[in-house]
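Please load the model and get your selection tool ready.

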Amino acid sequence: MPQETIQLPATLESERLILRPPRKGDGEEVNRAILETLSSRQSWMPWAKTPPTLESSEEFACKAEESYKTHEEYVFQLRLKGSEELIGYVGVHPRDRDVPSFEIGYWCRLLYQGQGYVTEGVRTLTRFAFETLGANRVEIRCDTRNNASRRVAERCGYTHEAVLRHDARGADDALRNTHVFSLIREEYMERYEGSGAF
């Protein structure tokens with residue numbers, strides 16, 4: 001089924017979180033969350049090199065909202081149930097629509113790191129990728145020095161496939177090595193589909 005014909009949900013839910021696409025008007029809150037967390041992201045995220053402006057954060061929220069509707073990519077905010085506090089982002093990014101395969105990326109606000117929220121969000125998005133988008137393969141990639149990101153992939157049951165040597169520039173412009181983790185449809189169905197265990 002072409003992804004453009006898939007009916008996308010307005011939100012996703014996990015035990016503690018509501019996941020929803022960004023929308024117009026989110027810019028100020030997004031900007032505050034990024035600035036609070038910038039120093040911990042600068043080693044890993046090229047976009048964290050310089051502080052965003054309020055205008056660029058609002059532009060990002062609006063573009064992400066539109067990209068979700070048009071199936072360009074699927075970005076979600078992680079928000080705490082009850083308070084609706086923004087605690088981070090997870091996204092499903094198409095890599096090859098013929099497969100189809102996707103890559104999941106994520107970041108968490110400094111105040112909420114180390115509490116399992118990103119793992120919970122990635123599990124929810126993995127389910128979305130396989131069960132809604134029809135993925136046959138989902139990847140997580142991270143700098144080999146980023147142990148926190150690697151542990152998320154491992155906790156979510158992804159298989160470590162490779163280390164790509166000097167395949168990209170890090171946020172400091174130095175050549176970096178990249179872990180590649182993956183989960184394929186057969187593994188997902190065997191381990192998790194319908195079990196409620198994922």
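Start by selecting α4, which gives the most to the lining of the second largest pocket, with five residues. Helices (H or I, at least four residues) and strands (E, at least two) are DSSP runs, numbered from the N terminus. This is a predicted model: local features need pLDDT of at least 70, side-chain atom pairs count only at pLDDT 80 or more, and totals for chains, interfaces and linings use all residues. Residues are numbered from 1 along each chain as its sequence is written, and side-chain values use heavy atoms, without hydrogens and water.

Next, show Gln113, Gly114, Val118, Ala148 and Val152, which lie nearest the centre of this pocket among its 18 lining residues. Two or more lining residues come from each of β5 (101-108), α3 (117-131) and α4 (147-155).

Now move to β6. Is this strand enclosed or open? Six of the seven residues of β6 (residues 137-143) are buried, so the rest of the structure largely encloses it; buried means under 20% relative accessible area (1.4 Å probe, protein chains only).

Pick Ser101 and you will find its bridge partner, Arg137, in β6.

Last, select β8 (residues 175-184), an antiparallel partner joined to β6 by seven bridges. Look for Asp143, which stands opposite Thr178 in β8.

Methods: On a 1 Å grid over the protein atoms alone, a cavity is a set of points where a 1.4 Å probe fits but cannot get out, and a pocket is an open set with protein on both sides within 12 Å along at least five of seven lines; lining residues have an atom within 4 Å of a point. Buried means under 20% relative accessible area, exposed over 50%, partly exposed in between (1.4 Å probe, protein chains only). Two strands pair if DSSP finds at least two bridges between them.
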